[in-house]
Amino acid sequence: MSAAPAPRRILVTGAAGFVGRHVMAALQADADPGVALLGVGRCAADALPGTAFQPLELMDRAAVRARLAAFAPTHILHLAALSSVGQAAQATAETWQVNVGGLLNLAEAVASEVPGATFVFASSGEVYGRAFLSGEALDETAAPQPTNSYARSKWAGEQALQDILGSGPGRLIVLRPFNHTGPSQDERFVVSSFAGQIARIEAGLVPPQLAVGNLSARREFLDVRDVVSAYRAVLTADDVPSGTVLNVASGEPRTIASVLEDLRRLATVPFEVSVAPERLRPFEIAVAAGDARRLHAATGWAPVIPWADTLAGILDDARRR
Ligand code: A2R
C-alpha cells in the first residue's frame, strides 16, 4: 500500500498585491481541507479579507527564515517584487534590493528550512527583451536579453535561484508571465491607466483628454484570472521537473492602439488622445509575444477568459473607484 501524499502547505509571497489577491481568492476557493494556505506581504490592510495573512518584510532575513521554519511550506509561490518596468526605472537600487536581495533571503531560507519544498518563481516574459526583435512568439529556448532594470532584476533572480535551489532536493520552477491585467490593477499598467482616465473623464473630474505612450507597440494582455489558473496548475502538477522554465502567455499580441479603441467603444463619452512623452519607453520593443506550449503540455493550461470580459471588468472597476 502506498503512503498517503503529504498535506500541502502553500506559502504565497506578495499576497496583498494585484496578482496575490487573485491567487489567494482562487486557492482559498479550492477549499481542500488538506491544504494549508498562508499569504505574506508588507501591508496587512491590503490583504484579501478572510484569507490567512501575516506581515513579512523580505529584506528582513531573520524574519523570512523564522516564517518559513514556523509555517514549513511544501510549496512557495513567490510573487513579491517591485513589479513594473516604470516603477523599476524610478527606483533601480530598490528594485535590485527587493527582486534579487529579497529573493536571495527567501531562497536561502528555503534551502535551510524547507529544502524539499517546491519553489515557484514569478519571473517575467520581459526577460526576453531584445530577443523579441525576431518578431516571433518566443518559447523558453530563446536566450534572455533584458533591456530594462525590472527585466534584468528578474533574469538575475532566475539565475540566482538556479544556483541556490537548482540542484537541491526540492523543485525549482520558473514562470515567465507575459503582460496581464484585470480589475484592481494599478495605473502603472497600460489597460488600467486607460480605464482609469476614461472613468475620470466620464465622471467629469478631468477634461476629455487621454494621455498615452507608444500606441503602435504590440503586447499580450492575459486576464489575471487566466494567469492565476496557470499558477494553480503549476502548484498542483507534481511531475514538472525541477529547473523547468515555463512561459505563461497567450501568443496573441494586440496593439496598444487597438486596446484603446476597444475601450473607447465601451466609454460613455467622447475623448481626445494625446501622447505624453513621459509614457514613452527609452527602448521600445515593437512586438512581444510568448509561446506557452510547454506549459500547456505540462499542465493542460490554456487561457479561457474572453478579451471583452476582461476589458468590461476593468472599466467597471475603474468607474467604482
Ligand atoms: O510594495 P507593497 O507594500 O505594495 O508590497 C508589494 C510586495 N513587496 C514586498 N513584500 C515584502 N517585502 C518586500 N520588500 C516587498 N516589496 C514588494 O510585493 C506587493 O504587495 C507585492 C507585489 O504586488 P504588485 O506590485 O501588485 O505586483 P503584481 O502585479 O501582483 O505581480 C506579482 C508578481 C511580481 O513578481 C511581478 O514582477 C510578476 O508577478 O509579474
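**View 1. The surroundings of Val 248 in the predicted model.** Setting aside residues up to four places away in sequence, Val 248 touches Leu 175, Arg 176, Pro 177, Phe 178, Leu 222, Val 227, Ala 230, Tyr 231, Leu 295 and Trp 301, where touching or contact means heavy atoms within 4.5 Å. The model is predicted, so local features need pLDDT of at least 70 and side-chain atom pairs count only at pLDDT 80 or more, while totals for chains, interfaces and linings use all residues. Residues are numbered from 1 along each chain as its sequence is written, and side-chain values use heavy atoms, with hydrogens and water left out.

**View 2. The largest nonpolar core and a second, separate one.** Val 248 belongs to the largest nonpolar core, which has 44 residues, and together with Val 12, Val 23 and Tyr 231 it touches the most other members. Such a core is a set of buried Ala, Val, Leu, Ile, Met, Phe, Trp, Tyr and Cys residues joined through side-chain atoms within 4.5 Å. Two or more residues of this core come from each of β1 (8–13), α1 (18–30), β5 (118–122), β7 (171–177), α7 (224–236) and β12 (244–248), these elements being DSSP runs (helices H or I, at least four residues; strands E, at least two) numbered from the N terminus. Helix α7 provides the largest share of this core, namely seven residues.

**View 3. Helix α6 packed against helix α8.** The axes of α6 (residues 190–202) and α8 (residues 256–266) are 11 Å apart and meet at an angle of about 30°, with axes fitted to C-alpha atoms over the stretch in contact and angles running from 0 to 180 degrees between N-to-C directions. This angle makes α6 roughly parallel to α8, since angles under 35 degrees count as roughly parallel, over 145 as roughly antiparallel, 65 to 115 as roughly perpendicular and the rest as oblique. From α6, the contact is made by Val 190, Val 191, Phe 194, Ala 195, Ile 198 and Glu 202, and these are joined from α8 by Ile 256, Val 259, Leu 260, Leu 263 and Leu 266. By class, this contact of α6 with α8 has 10 nonpolar residues, no polar ones and one charged, where Ala, Val, Leu, Ile, Met, Phe, Trp, Tyr, Cys and Pro count as nonpolar, Asp, Glu, Lys and Arg as charged, and the others, Gly among them, as polar.

**View 4. Helix α8 packed against helix α10.** Here α8 and α10 (residues 307–320) pack at an angle of about 65°, and their axes lie 10 Å apart. On the α8 side the contact consists of Val 259, Asp 262, Leu 263 and Leu 266, and on the α10 side of Trp 307, Leu 311, Ala 312, Leu 315 and Arg 319. Seven nonpolar and two charged residues make up this contact of α8 with α10, with no polar ones.

**View 5. Helix α6 packed against helix α10.** The axes of α6 and α10 are separated by 8 Å and form an angle of about 50°, which makes α6 oblique to α10. Val 191, Ser 192, Ala 195, Gly 196, Ile 198, Ala 199 and Glu 202 of α6 make this contact with Leu 311, Ile 314, Leu 315, Ala 318 and Arg 319 of α10. The residues of the contact of α6 with α10 comprise eight nonpolar, two polar and two charged.

View 6. With a relative accessible area of 34%, Ala 72 is partly exposed, a class that lies between buried (under 20% relative accessible area) and exposed (over 50%), for a 1.4 Å probe and protein chains only. Ser 184 counts as partly exposed, at 33% relative accessibility.

**View 7. Arg 294 and its contacts.** Arg 294 belongs to helix α9 (residues 293–299) and is partly exposed, with a relative accessible area of 36%. Apart from neighbours within four places in sequence, Arg 294 is in contact with Glu 140, Thr 141, Thr 244, Val 245 and Leu 246. Although Arg 294 and Thr 244 are 50 residues apart along the chain, their C-alpha atoms are separated by 9.5 Å.

**View 8. Gly 17 and Leu 79.** Gly 17 is found in the loop between β1 and α1 and counts as partly exposed at 29% relative accessibility. Gly 17 and Leu 79 are 62 residues apart in sequence, yet 8.2 Å apart in space, C-alpha to C-alpha.
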